Amino acid sequence: MSSTAQLIVTISQTFMTYTGFLFLFLGVIGNMINIIVLNKLRLFRGHPSVFYFTIESIGNLAQLIINYTTRIMSNGFGIDLTNISWEFCKTRAFLAPTATLIPIYTVCLACFDQFLSTHYNPFFRQKSSIRLAKYLTFTFITLLILHGIPFVIFFYLQPSMTCKNYNVRFGQYYSFVYYPVVVGILPMTIASLFSFLAFRHVRHLVRRQLRITRRRLEQQLTAMVLARAICLGFLMLPYTIYRIYILNVTVDKSQLVLSAINNTLIESVTVTFLYINFAGNFYAFMVISSRYRHQSDTVPGTYDSQFDALEFKYVKHLSAKDVFRNAASSGCIEANGISPFVSMDTECE
């Protein structure tokens, strides 16, 4: 190998090693904090989008611990266990697509649910429920597990000690359907479309008679969903394009420098972007939502009472004039008389 090609390989391995362990550490910590905050805070309990975010964080942890560590070993240290053990070849072939797709499509479900939850039509809002969320999650996870079975069948270790797919027909699916559509276009389109529609709906929430806490929660979750959809698109796209290219373009092995750039440098950079998608959800939420920053900064076990006090303080500072005007506009105060007092935290039916 030429000195230039060797230098490129060394740079790629160093980059993968340091960035890999950094984002692995940040991702594990961030997803664990996500799970704690989303489940400990009373405000979030029972909301379908929060349930999806929790499932996504669990899937992200599995993706980082199982798949990212093997990537770091392979790209950073040149130790590819799939080329050593037949069992590990089959296991990695199944876990790689399954653990990748579960968090991605859970984000899509969260975007879809937030679209339903903020819809102006009561029929669609009623469809947003924790029961439907559990049903869709179970259905999608089952389908994705079944989707991973062909990978176990068609990936195997050859005597040349290379674990890869050797079936021509499955190779066509892998190149022209799995990466372009299943990993790329489909989830990016679903997440972008429904998060944008939810963002449009939430801008009109002020016109609906909602409790203050509910309106602020929907605004917060919509911002979180939109940020997650944007991250999904930008961080998944480079690796998707790279995989489509590398599976369909053959580089002459005699071109050592070009081969080193394609197979090590570009792969290390795009793989890092890919796994930032699974490591960065907590940090995206922190950037996009000031409320989530405050919620995460407080010890989860003592936060409920403090958050309730914060909401009470916010409501208490509403003037009596604002209370009267909101009640009159919602029909809680009649034209020639005053109906029984209705709290600002209660919807007028």
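At 25% relative accessibility, how is C231 classed: buried, partly exposed or exposed? Select C231 to begin: its relative accessibility of 25% makes it partly exposed. The classes are buried (under 20% relative accessible area), exposed (over 50%) and partly exposed in between, with a 1.4 Å probe and protein chains only.

This is a predicted model, in which local features need pLDDT of at least 70 and side-chain atom pairs count only at pLDDT 80 or more, while totals for chains, interfaces and linings use all residues. Residues are numbered from 1 along each chain as its sequence is written, and side-chain values use heavy atoms, with hydrogens and water left out.

**The disulfide**

Next, select C89 and C163. They form a disulfide, with 1.8 Å between their sulfur atoms; the term covers a pair of cysteine sulfur atoms within 2.5 Å. The structure holds one disulfide. It links distant parts of the chain, since C89 is in helix α3 (residues 86-117) and C163 is in strand β2 (residues 163-165), 74 residues apart. Helices (H or I, at least four residues) and strands (E, at least two) are DSSP runs, numbered from the N terminus.

Look along the S-S bond of C89 and C163: the torsion about it is about 75°, so the disulfide is right-handed. Both ends can be checked for burial. C89 has a relative accessible area of 1% and is buried. C163, at 16% relative accessibility, also counts as buried.

Then move to C108, which is in no disulfide. The nearest cysteine sulfur belongs to C111 and is 6.4 Å away. C108 counts as buried because its relative accessibility is 4%.

**The salt bridges**

Side chains of opposite charge can pair when their charged atoms come close. A salt bridge here is a side-chain nitrogen of Lys or Arg within 4 Å of a carboxyl oxygen of Asp or Glu. By this rule there are two salt bridges.

Select R228 and E56 for one of them; their closest N and O atoms are 2.7 Å apart. R228 sits in helix α7 (residues 212-248) and E56 in helix α2 (residues 48-77), so the pair links distant parts of the chain, 172 residues apart. R228 and E56 are both buried.

Finish at R71 and E267, a salt bridge whose closest N and O atoms are 2.8 Å apart. R71 lies in helix α2 and E267 in helix α8 (residues 256-279), so this pair ties together parts that are 196 residues apart in sequence. R71 is buried, as is E267.
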